[in-house]
Structure formats: structure tokens, C-alpha cells
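Me: I would like to learn how to read a protein model step by step. Could you take me through it slowly, with the general idea before each case?

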Amino acid sequence: MNYSLLFILFFFLIIPKEETFSQKLNPGDGVRITFLDITDNISGDYFIQPEDKLQLPYIGIINTANKEFPVIKEEIISKYDSLYKNPDITVLSLFRINIHGEVRNPGYYFVTQNENLTGIIALAGGYTNAASLDDMFILRDNREIELDVESIIEEGNTAADIGLQTGDQIVIPRSFWADPGRFTWIFSLIAVTVTAIALFIK
């Protein structure tokens, strides 16, 4: 029996989902820190400044240059652990995306890797009645990435599951049927077609 292969398989199975989120954070992105057992006013959102510097209460500056999120997270937890001894702390990535199209408040929003698609769209005020959810997609570097929205919502997939990255745009297109003028055009075409068939039959 190949025990090395079994060990590797077990190792990947026990890794928490959020640990697989290995995106690099850029200046303007940040972290969301939550303490559950510390009275000091530390919990909150903190953003990476130019030159990849992250200033945090009591532990000073974290250099985030060329580091992926799990490394940054581990460094933050380690420094607070040396200060408070086994604190109950959660550290989430916080990155900026653009949500636009058929939402009530299009614009830029910060999301964590643990937020699901419904919660992300809710940040922008939710869908409008004219939204075509089946046609929603991510725009990244002028490349469209299709989304299986029904499956994503049904399974409760998070931003990490979807592979959402800083700088991504979530686009919610307008439904073809949302424009009343199109109904007029379609009905007119049907009327012309029916008339032509009637004349042909005669």
C-alpha cells in the first residue's frame, strides 16, 4: 500500500476551505480581523497601503509584498498569538470588485473570500427586475468568464469557490424581454408573417 499517497490525500481533505484561497492581495485590498475573546478595540477592516504595507494595531506593520493571503494570515495570527496567547481570531481577505449592470447600486465593493454570490450582489442593492441572472458573468482582463448561477446559488458557493479575484467585474446583463419595444417589434413581425402567409394561401 502506498502510504505516502494516502497521507497526501488525507492532508488535502482536512484543509479548511478558506485556506485554499491563495490570492495575492494588492495595495487597496485588505484584511478583516475579528477577535471573539479580546476586549481591545482591534476587530475591523485594515487596508494595504502603497508599498505593500499593512498597519495593524499593537503589532505594527506587516509587509505583504510578494506574499499570498495564507502567508499574510499566518503572520498576523502568529504576531497576535505572541501578544495575547491563543486568541480566538479570524482573518479574512478583503478585496475590491466592481458590480455593475442590472443591480440597484452599481459600483465598487469590498468582499471577503467567504461571501456567497447572493450576499455579494446584495452589497449592490440586489438585482433589478430587468436582470438576466442566467447570463451573469465575470469580466477579468477583457475576458468573459461564464457563471453557472443556478448551481452556484444552490450549492452556496463562496467567492473562493467561484475563483473571484481582486479587480474582477461581476456583470449582470439586461434581459432581452425587459425592453417593451422588443415586444412591439416581435408582434409586428408576427403580424407581417401571418399576413404574408394568408395572402400566399389565397
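Me: To begin with the overall layout, how many helices and strands are there in the protein chain?

Reply: Please keep in mind throughout that this is a predicted model. The protein chain holds 6 helices and 9 strands, and of its 202 residues, 32% are buried. If we take the contacts between residues at least 6 apart in sequence, 55% of them join residues at least 24 apart.

Me: What span should the 16 residues of helix 2 have, and how far apart are its end C-alpha atoms?

Reply: At 1.5 Å a residue, helix 2, which runs over residues 69–84, should span 22 Å, and because its end C-alpha atoms are 22 Å apart, the two values agree.

Me: Where does D141, with its positive phi of about 50°, lie?

Reply: D141, which is not a glycine either, lies in the loop between strand 7 and strand 8 (143–146), and at 73% relative accessibility D141 counts as exposed.

Me: Let us turn to charged side chains. How many salt bridges does the structure hold?

Reply: In general, side chains of opposite charge can pair when their charged atoms come close. The structure holds 5 salt bridges, and one of them joins the side chains of R32 and D45, with 2.7 Å from N to O. This pair links distant parts of the chain, since R32 is in strand 1 and D45 is in strand 2 (residues 44–47), 13 residues apart. R32 is partly exposed, with a relative accessible area of 29%, and D45 is likewise partly exposed, at 35%.

Me: Which residue forms a salt bridge with E75 at 3.9 Å between the closest N and O atoms?

Reply: That residue is K79, and as the two are 4 residues apart in helix 2, about one helical turn separates E75 from K79. K79 counts as partly exposed, with a relative accessibility of 28%. Salt bridges that share partners join K67, E75 and K79 into one network, and in this network the side chains of K67 and E75 meet at 2.9 Å, N to O.

Me: How do I read the two faces of a strand, and which residues form the covered face of strand 3?

Reply: The general idea is that in a regular strand the side chains alternate between the two faces of the sheet. In strand 3, the covered face is made of L54 and L56, while K53 and Q55 form the uncovered one. Strand 3 pairs with strand 4 in the antiparallel sense, over 4 bridges, and in the hairpin of these strands, which has 3 residues between them, Y58 takes a positive phi near 75°.

Me: Which residue of strand 4 is the bridge partner of K53?

Reply: The partner is N63, which is partly exposed with a relative accessible area of 34%. Leaving out residues up to four places away in sequence, N63 touches D52 and K53. A polar atom of the N63 side chain also lies 3.1 Å from the backbone nitrogen of A65.

Terms used: Residues are numbered from 1 along each chain as its sequence is written. This is a predicted model: local features need pLDDT of at least 70, side-chain atom pairs count only at pLDDT 80 or more; totals for chains, interfaces and linings use all residues. Side-chain values use heavy atoms; hydrogens and water are left out. The expected span of a helix is 1.5 Å times one less than its number of residues. A salt bridge is a side-chain nitrogen of Lys or Arg within 4 Å of a carboxyl oxygen of Asp or Glu. Buried means under 20% relative accessible area, exposed over 50%, partly exposed in between (1.4 Å probe, protein chains only). Contact means heavy atoms within 4.5 Å. A polar contact is a pair of N or O atoms within 3.5 Å; within protein, one must be able to donate a hydrogen and the other to accept it, and residues adjacent in sequence count only if both atoms are side-chain atoms. Two strands pair if DSSP finds at least two bridges between them.
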